[in-house]
Amino acid sequence: MTKPIRKDDVFRIKRSPLIFPALLALILFLPRCGEVESSRGLTTVALSFSTQQANQGLDFLKDLLIDNNPYPSVITQMVIEVTYDDQGPRKIRREIPGKDVSSSMLAFVEVPPGDNRTFKIEAYNRGGGIIFSGEKSGVTLAPDKIVNDVQVDLAFSCHGTAWDAEKDTIPDLVSDIGESLLKFVDENLVNKLKALAKYDVLSLKIEKKTGGFSISAEFANELNPQEFFGAILLDTDRNSATPSSIGQLTELISEIGVTNLGADYLVVIKTGGSAWLISLSDFSGNLEDLPNVAGIDISGGLSILDREVTIQIPENLTGDVTGTISFFGIFGVNYTPTDFIPDWGSCLSE
């Protein structure tokens, strides 16, 4: 039987590694208003970056995908700063709008040659928080090199709200690949995936409140409770080793790149508009088993209205949760995933 292709099988290729050979380069010029005013005595730096949480995915898809720039709907701005001390502190700062940020971005920056140059990159999400950041210090730039290569490794982080790219659902991705996908998977499967409702999640938020916490997810299109489902993983003790085994669901979490999430609970929104809280220490199945899995009925705290889902989790069901909660969401149609959030790892509640 042909293994169904999951959304992140595709997106791990599209987003990582972030730099492919011979892809589009974004040229950044020295800012006119920076502290380095003269163009004399500068060396060109080829600045690249990669995210540490991203995985390789299926190698055969690499040649099928183009760099279609998935970041702008998540990243609103990227800031590059180069600092050094030549007869006093100096800084070069460049602000790049999200529309110019590419998933295979290569930036060229002109910097005075010398020792102890520090390169810092921060990318901001739609909520104004830092979604990627990284720094590389102690860099020596040689004056006799045409181009100095510098790579900055970026760590993914988010707090309170996980943001997701628009138009990145499984039906969208399958349509992007088109006929090229048919040589690898069955045509009926491709047509089934393309026909799924495009439940495109834009954000997933968890807030601690008196007496428990709330979960809310926003989508790009209106939801039909009779076919919509969700599975939200919650790591309430921030221990990646617990529970020790959660069966086949562990494989799914690992395959979609969430390798550090020791989820303790699973919130399931079943088709038809009911919701259940499942302790993963008692669960050893996978997504296909969720329609029949029994748990604690929390349907009274569920609301599906237009494009938004909210659900309240009473504290007495999970115990007193101190500190932050790690979370990750899977959403789709009739227990078939169409979108994951976030795409780069797990997020943290406030």
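Q: What makes the 64 residues of the largest nonpolar core a core?
A: In this predicted model, the largest nonpolar core has 64 residues, and those with the most contacts inside it include F119, I215, F219 and F331. The set is called a core because its members are buried nonpolar residues joined through side-chain atoms within 4.5 Å. Strand β3 (residues 75–85) gives the most to this core, namely 5 residues.

Q: Which other core is there, and where does it lie?
A: Another core, of 17 residues, lies apart from the largest one; among its members are V268, F328, Y335 and F340.

Q: With which residues is F331 in contact, leaving aside its neighbours within four places in sequence?
A: The partners of F331 include V201, L204, F219, F228, I232, P337 and I341.

Q: Why is the pair C158 and C347 called a disulfide?
A: The S to S distance is 1.8 Å; the limit is 2.5 Å, so the pair qualifies as a disulfide. The structure holds 1 disulfide.

Q: What makes this a link between distant parts of the chain?
A: C158 lies in the loop between β8 (147–156) and β9 (161–163), whereas C347 belongs to strand β20 (residues 347–348), 189 residues apart.

Q: Are C158 and C347 buried or exposed?
A: Both C158 and C347 are buried, which means that each has under 20% relative accessible area. Of the 350 residues of the protein, 49% count as buried.

Terms used. Residues are numbered from 1 along each chain as its sequence is written. This is a predicted model: local features need pLDDT of at least 70, side-chain atom pairs count only at pLDDT 80 or more; totals for chains, interfaces and linings use all residues. Side-chain values use heavy atoms; hydrogens and water are left out. Helices (H or I, at least four residues) and strands (E, at least two) are DSSP runs, numbered from the N terminus. Buried means under 20% relative accessible area, exposed over 50%, partly exposed in between (1.4 Å probe, protein chains only). Contact means heavy atoms within 4.5 Å.
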